[in-house]
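Q: I have just opened this one and have not looked at it before. Can we go through it together?

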There are 2 protein chains.
Amino acid sequence: MDTLSPEQLISRLQWRYATKEFDSQRKIPTDDWEKIEKSLVLTPSSFGLQPWKFITVTDQATKESLLEHSWHQRQVTDCSHMVVLCAKDTMDPADIEAWLDRLCTVRNVSRDTLEGYAGMMTGFFSNMSPEQTSAWAKNQVYIALGQLMTAAAVIGVDACPMEGIVPAEYDRLLGLDGSGFSTSVGCAMGYRSAGDKYADLPKVRYSSSQVIENC
Amino acid sequence: MDTLSPEQLISRLQWRYATKEFDSQRKIPTDDWEKIEKSLVLTPSSFGLQPWKFITVTDQATKESLLEHSWHQRQVTDCSHMVVLCAKDTMDPADIEAWLDRLCTVRNVSRDTLEGYAGMMTGFFSNMSPEQTSAWAKNQVYIALGQLMTAAAVIGVDACPMEGIVPAEYDRLLGLDGSGFSTSVGCAMGYRSAGDKYADLPKVRYSSSQVIENC
């Protein structure tokens, strides 16, 4: 099965940057987009619970409506696909059961073999306040954001993560109110414009010795 | 520059799984490990602020000491490299200045060209409680976790994300108390044991239509 070499991986991560200017004429081909969606679906999560929803906005009028709630960053309107990553607000016993049902179906096991696992999950959430549960879900959504950006980089698709959005307005415009999910963060995706001067700026990170410790 | 095809990407994400049993005899080669560390360093973050520290534990006695604070999951001791991902506790004006200094040095620009950017960051944090700032930092750490797992998958290294750890005990054992950083989550890395039956189980995810919405 084809892998990248570690050197190739680093080249891809050096290639990527938070795209400031997308080529608004260039759209991600449908076949490729389906794989990117698949990569979102395959994101790992705590206990496997997938406490998220991903909204892909391609309708231009909808993208325009989001602009004023995105610090007017044109990536929202100029990108090919605007992904809005949403976290689940609560985790109820029914959510755990839904997940266990799915597990039983896909792996063809009976529910009673999963009692220990079910108990672990129930115990985990019983110790958490609603705020902690919602923060936990949001953390999982950020795993998805990390996987999405890396996945895009290794296949040559550009992305711009966007925390500078107004989640409540996104919720309203995307019909999330009352859905049990709330906007966490956005990620504009597509292809960089040839004129984006940010593409060539040196990447700025702290040195390894500043952020990595060995023991 | 070499990329994966979208199909190859999905194959890699299908290949990965939360490794339950590592081959404790097999270590990640130093050259490869350096690239994995580099991939951590290159993780994107909000404003570029990198509010994190990554601790790589390879010392066997230290790994053993973490075991009882990790729900006794043997991945901690059997993996090649145990990565502990830590979030910054606070974001002070000095942290923003340190980042701007770094930016000026690497891009060879003067500090006064960054006033607008500095103001945006200061404004962002001035509206946040200490709890919100710490949650923000933890979210960034989860981007790193997502990137780390995806990066590992595309180069053929196994990983097991570990939320089932006791952060306060990790902080104590790893000397983080008083450092300004706290343990968020772990990620054991190495190579799967040939006997790990979890490797062959079907991956369980909700369907695309359950987690993805288009508009």
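Q: Which residue in E1(B) is the bridge partner of A:Glu213?
A: The partner of A:Glu213 is B:Ile55. Bear in mind that this is a predicted model. The two strands involved, E5(A) and E1(B), pair in the parallel sense over three bridges.

Q: What is the strand order in the sheet they belong to?
A: The order is E5(A)-E1(B)-E2(B)-E4(B)-E3(B), an open sheet of five strands with mixed pairing.

Q: Which strands stand at the edges?
A: Strand E5 (212-214) of chain A and strand E3 (158-162) of chain B. Each has a single partner strand, so one side of each has no neighbour in the sheet. From one strand to the next, the twist averages 25°.

Q: And E2(B) with E4(B), parallel or antiparallel?
A: Antiparallel, over eight bridges, between residues 81-88 and residues 181-190 of chain B. For example, B:Val84 has B:Gly186 as its bridge partner in E4(B).

Q: What lies across those strands?
A: Helix H7(B) lies across E1, E2, E3 and E4 of chain B, and runs at about 155° to E2(B).

Q: How does H7(B) pack with H2(B)?
A: At an angle of about 145°, with the axes 9 Å apart. The crossing of H2(B) past H7(B) is right-handed. From H2(B), the contact uses B:Ile36, B:Ser39 and B:Leu40, and from H7(B) it uses B:Ala144, B:Gln147, B:Leu148, B:Ala151 and B:Ala152. Six of the contact residues are nonpolar, two are polar and none is charged.

Q: New topic. How many residues does each chain put into the contact between chain A and chain B?
A: There are 69 residues from chain B and 69 residues from chain A.

Q: Which element of chain B gives the most?
A: H7(B), with 14 residues on the side that touches chain A. Others that supply at least two residues there include H1, H2 and E5 of chain B. That side of chain B divides into 36 nonpolar, 18 polar and 15 charged residues.

Q: What about the largest nonpolar core, how many residues has it?
A: It has 100 residues, and those with the most contacts inside it are A:Leu85, A:Cys187, B:Leu85 and B:Cys187.

Q: Where is B:Leu114?
A: B:Leu114 sits in the loop between helix H5 (93-107) and helix H6 (115-126) of chain B. B:Leu114 and B:Leu85 are 29 residues apart in sequence and 30 Å apart in space, C-alpha to C-alpha.

Q: Why does B:Leu114 count as partly exposed?
A: Because B:Leu114 has 17 C-beta neighbours inside 10 Å, and a buried residue needs 20 or more while an exposed one has 12 or fewer. Beyond four places in sequence, B:Leu114 is in contact with B:Leu100 and B:Leu103.

Q: Last one, on chain A. How many helices and strands?
A: Nine helices and five strands. Along the sequence the pattern is α-α-β-α-α-β-α-α-α-β-α-β-α-β.

Q: What does the C-alpha trace of chain A span?
A: About 60 × 45 × 35 Å along its principal axes. Of the 215 residues in chain A, 42% are buried.

Terms used:
Residues numbered from 1 in each chain as written. Chains lettered and ligands numbered in written order. Predicted model: local features only at pLDDT ≥ 70, side-chain atom pairs only at ≥ 80, totals over all residues. Core = buried A, V, L, I, M, F, W, Y, C linked by C-beta atoms within 7 Å. Axes fitted to C-alpha atoms, helices over the stretch in contact; angles between N-to-C directions. Helix = DSSP H or I, 4+ residues; strand = E, 2+ residues; numbered from the N terminus. Left-handed = near helix turned anticlockwise from the far one by under 90°. Contact = placed C-beta atoms within 7 Å. Nonpolar A, V, L, I, M, F, W, Y, C, P; charged D, E, K, R; others polar. Pairing = 2+ DSSP bridges.
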